[in-house]
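Me: I have a chain open here and would like to talk it through with you. Could you go over it with me, one topic at a time?

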Amino acid sequence: MLVLDSGGVSRLARRRQDSAALIAVFKRDGLWPPLVPSVVLAESITGRQRSDANINRFLKTCDIIEGLPERLARRAGALRALARQGSAVDAIVVALAEPGGAVLTSDLKDLRALASHAEGVQVHGA
């Protein structure tokens, strides 16, 4: 399972050859479609049609996870307390990737700190 934060969404939404190549690798490795928690949309979308066009197009290829189950919220809170860094959205992304999933992010420092307390979550740079 692959979970994207806003940096991962932005990276893969680019209409560039390197982004397409990365998506091909994820598909080959069985990590497609990625999961995107709906709270990540708040960090990814600007509300301006022109600047959001690529992101909106890309999000149609993802599985958007709506709502936040209490169990996941509690786990995210625990990870955040253990790591002593990262935002609530970062912690939700990592908690959703448990157990054994991967996260694509541009915020390696915070997500790696959170993942160090998670069960088998790998963090990859966007």
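Me: Let's begin with salt bridges: which side chain does Arg75 meet in a salt bridge?

Reply: This is a predicted model, and in it the side chain of Arg75 meets that of Glu98 in a salt bridge, at 2.7 Å from N to O. Arg75 belongs to helix H5, whereas Glu98 sits in the loop between helix H6 (88-97) and S4, so the pair ties together parts that are 23 residues apart in sequence.

Me: And are those two buried or exposed?

Reply: Arg75 is partly exposed, at a relative accessible area of 26%, while Glu98, at 15% relative accessibility, counts as buried, because the cut-off for buried is under 20%.

Me: What does Arg74 pair with?

Reply: Arg74 forms a salt bridge with Glu70, and their closest N and O atoms are 2.7 Å apart. Both residues lie within helix H5 (residues 70-83), where they are four residues apart, or about one turn of the helix. Arg74 has 59% relative accessibility and counts as exposed, and Glu70, with 52%, counts as exposed too.

Me: How many salt bridges turn up in the whole structure?

Reply: A search of the whole structure gives five. Among them is the one between the side chains of Asp29 and Arg28, with 3.0 Å from N to O; here Asp29 is partly exposed at 44% relative accessibility, and Arg28 is exposed with a relative accessible area of 63%. There is also a network of salt bridges that links Arg11, Arg16 and Asp18.

Me: Which strands pair with S4?

Reply: Strand S1 (residues 2-4) runs parallel to S4 and is joined to it by three bridges, with Val3 standing opposite Val103 of S4. Strand S5 (residues 122-125) also pairs with S4 in the parallel sense, over four bridges, and in that pairing Ala102 stands opposite Gln122 of S5. Between S4 and S5 the chain passes through helix H7 (residues 108-115), and this β-α-β crossover is right-handed.

Me: Last topic, overall dimensions: what radius of gyration does the chain have, and what would a compact globule have?

Reply: The chain has a radius of gyration of 14 Å, which agrees with the value near 14 Å for a compact globule of 126 residues. The C-alpha trace spans about 40 × 30 × 25 Å along its principal axes.

Me: How much of it is buried, and what does the accessible surface come to?

Reply: Buried residues account for 43% of the 126 residues in the chain. The accessible surface is about 6800 Å², and 50% of that belongs to carbon and sulfur atoms.

Me: And what share of the contacts is between residues 24 or more positions apart?

Reply: Counting contacts with a separation of 6 or more, residues 24 or more positions apart account for 60%.

How values were computed
Residues numbered from 1 in each chain as written. Predicted model: local features only at pLDDT ≥ 70, side-chain atom pairs only at ≥ 80, totals over all residues. Heavy atoms only, no water. Pairing = 2+ DSSP bridges. Helix = DSSP H or I, 4+ residues; strand = E, 2+ residues; numbered from the N terminus. Right-handed = clockwise from strand over helix to strand, strands pointing away. Salt bridge = Lys/Arg side-chain N within 4 Å of Asp/Glu carboxyl O. Buried < 20%, exposed > 50% of the residue type's maximum accessible area, 1.4 Å probe, protein only. Rg over C-alpha atoms; globule rule 2.2 N^0.38 Å. Contact = heavy atoms within 4.5 Å. Areas by Shrake-Rupley, 256 points an atom, 1.4 Å probe, with all protein chains shown as cover.
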